[in-house]
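Keep the viewer open as you read.

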Amino acid sequence: MYIEQLGLKNYRNYDNLEVQFENKVNVILGENAQGKTNVMESIYVLAMAKSHRTSNDKDLIRWDQEYAKIEGRVQKSRGSLPMELIISKKGKKAKCNHIEQQKLSQYVGNMNVVMFAPEDLHLVKGSPQVRRRFIDMEIGQVSPLYLHDISQYQKILQQRNHYLKQLQIKKQTDHTMLDILTEQFIQTAVKIISKRFEFLQLLENWAKPIHEGISRGLESLKIEYKPSADVSDEQDLSKMMTVYEEKFSKIKNREIERGVTMFGPHRDDLLFYVNGRDVQTFGSQGQQRTTALSVKLAEIELIHSEIGEYPLLLLDDVLSELDDYRQSHLLNTIQGKVQTFVTTTSVDGIDHQTLKEAAAFKVEAGSMKKIQ
Ligand SMILES: Nc1ncnc2c1ncn2[C@@H]1O[C@H](COP(=O)(O)OP(=O)(O)OP(=O)(O)O)[C@@H](O)[C@H]1O
């Protein structure tokens, strides 16, 4: 799939923008703070209904304006798909094919993107929260049901934490409500965990040969889910539920003392191993970069295998962060099959045929012009 046309109104530093893109590499050039990342972010938000760099939607609205609007026409193998997202202080309104979507979980997934930005290089080294966010966003793209489960889970977690706090400060003494919430919590938690196990296995299957290729056959990558409770991918849902039930009954008093839910998908993590060693602890910077790049390239293939189309690839300021060999590997992999957006302040030093043949745009103070 590819995005043919993008329209922005009151989005970040863009007042009004209409631009046509090509189904190949689109290079977005410009000095610092002109609006390159903002365009990339808008494409990401159009697909995911969420930004990759802020959780506050209001940041996306141009200062002193009431709303922001992103429109795009996406070409898919089944035809053209108009997408529209309006962000206002009251919330978000999403339209697909001119029809308003009641739930964002139905909207997300119609357009697929993979973003690779400098912060993704922290996927390995960063906090578990970064990795959980990554896993949730990526599964959400291929599974609307998962998005629904995650939002259910967040609600139940919040209620459960609230109730535990009430018990902690002794505003409540009856445990019946806690037991009901725990049961609901477990039911949703195991669905999420089993989907994460399944997704990571697929991701590893794709990432392993890619990593081997980038490391010239020297490194073998393994991705492992690290649950906070003692569950494993060999267990079915009912076995996992039993593990959780036992765990929660054992730690009930401790949870009440602390007023917080101590186990569950919100505390889980994932680990990357290269040649059997944990990359987070023992990996060199280069190995961490290769791991992040392999995972991103694997995502492209995974989405293709799940939905039958390649996603868009957004490379925000990241090419210059990779050495020549990794750059070439990346550009060779996407060549001719993935619509790609690249932002950079200059193409000097990036000497790849794909970029020479790319469409180029110049961004200056919230305006964008095609230059090649
Ligand atoms: N909500 C907003 N309303 C208006 N302008 C905004 C808003 N949010 C950010 N900006 C402006 O957008 C500009 C930054 O744009 P962007 O992050 O796209 O820069 P960039 O071209 O990618 O720069 P760099 O190369 O430094 O990453 C800044 O000047 C910032 O003040």
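Strand β14 (residues 359-364) pairs with strand β15 (residues 367-370) in the antiparallel sense, over four bridges. Strands here are DSSP runs of E, at least two residues long, while helices are runs of H or I with at least four residues, and both are numbered from the N terminus. Two strands pair if DSSP finds at least two bridges between them. Together β14 and β15 make a hairpin with two residues between them, and Ala365 in the turn has a positive phi of about 40°. Look for Glu364 too: its bridge partner in β15 is Ser367.

Some housekeeping: residues are numbered from 1 along each chain as its sequence is written. This is a predicted model, so local features need pLDDT of at least 70 and side-chain atom pairs count only at pLDDT 80 or more, while totals for chains, interfaces and linings use all residues.

## The open sheet and its helix

Six strands line up as β2-β1-β4-β5-β6-β7 in an open sheet, with antiparallel pairing. At the edges sit β2 (14-20) and β7 (99-100), each pairing on one side only. Helix α1 (residues 36-48) packs on this sheet, where it touches β1 (2-11), β2, β4 (67-76) and β5 (79-88). The direction of α1 makes about 110° with that of β1; axes are lines fitted to C-alpha atoms, for helices over the stretch in contact, with angles running from 0 to 180 degrees between N-to-C directions.

Strand β6 (residues 91-96) and β7 pair in the antiparallel sense over two bridges, and Lys95 has Glu100 in β7 as its bridge partner. The loop between β6 and β7 holds Asn97 and also His98. Neither is a glycine, yet phi is positive at about 55° for Asn97 and about 70° for His98. Asn97 is exposed, with 12 other C-beta atoms within 10 Å, and His98 counts as exposed with 8 such neighbours. (Exposed means 12 or fewer other C-beta atoms within 10 Å, buried means 20 or more, and partly exposed is in between; C-beta atoms are placed from the backbone.)

## The core

Which residues have the most contacts inside the largest nonpolar core? They are Ile43, Tyr44, Val113 and Leu314, in a core of 95 residues. Such a core is a set of buried Ala, Val, Leu, Ile, Met, Phe, Trp, Tyr and Cys residues joined through C-beta atoms within 7 Å. Helix α5 (residues 176-214) brings the largest share, 12 residues. At least three residues come from each of domain 1 (1-112 + 309-372) and domain 2 (128-307).

Leaving aside neighbours within four places in sequence, Leu314 is in contact (C-beta atoms, placed from the backbone, within 7 Å) with Met40, Ile43, Tyr44, Val113, Met115, Phe116 and Phe341.

## Where the domains meet

The bounds of the two domains come from an automatic or database domain assignment. Taken over C-alpha atoms, the centres of domain 1 and domain 2 are 29 Å apart. Across the boundary, 16 residues of domain 1 are in contact with 18 residues of domain 2.

On the domain 1 side, α2 (104-107) and α9 (324-334) each supply at least two residues, and α9 gives the most, with four. That side divides into eight nonpolar, six polar and two charged residues. For this count, Ala, Val, Leu, Ile, Met, Phe, Trp, Tyr, Cys and Pro are nonpolar, Asp, Glu, Lys and Arg are charged, and the others, Gly among them, are polar.

How values were computed
Contact = placed C-beta atoms within 7 Å.
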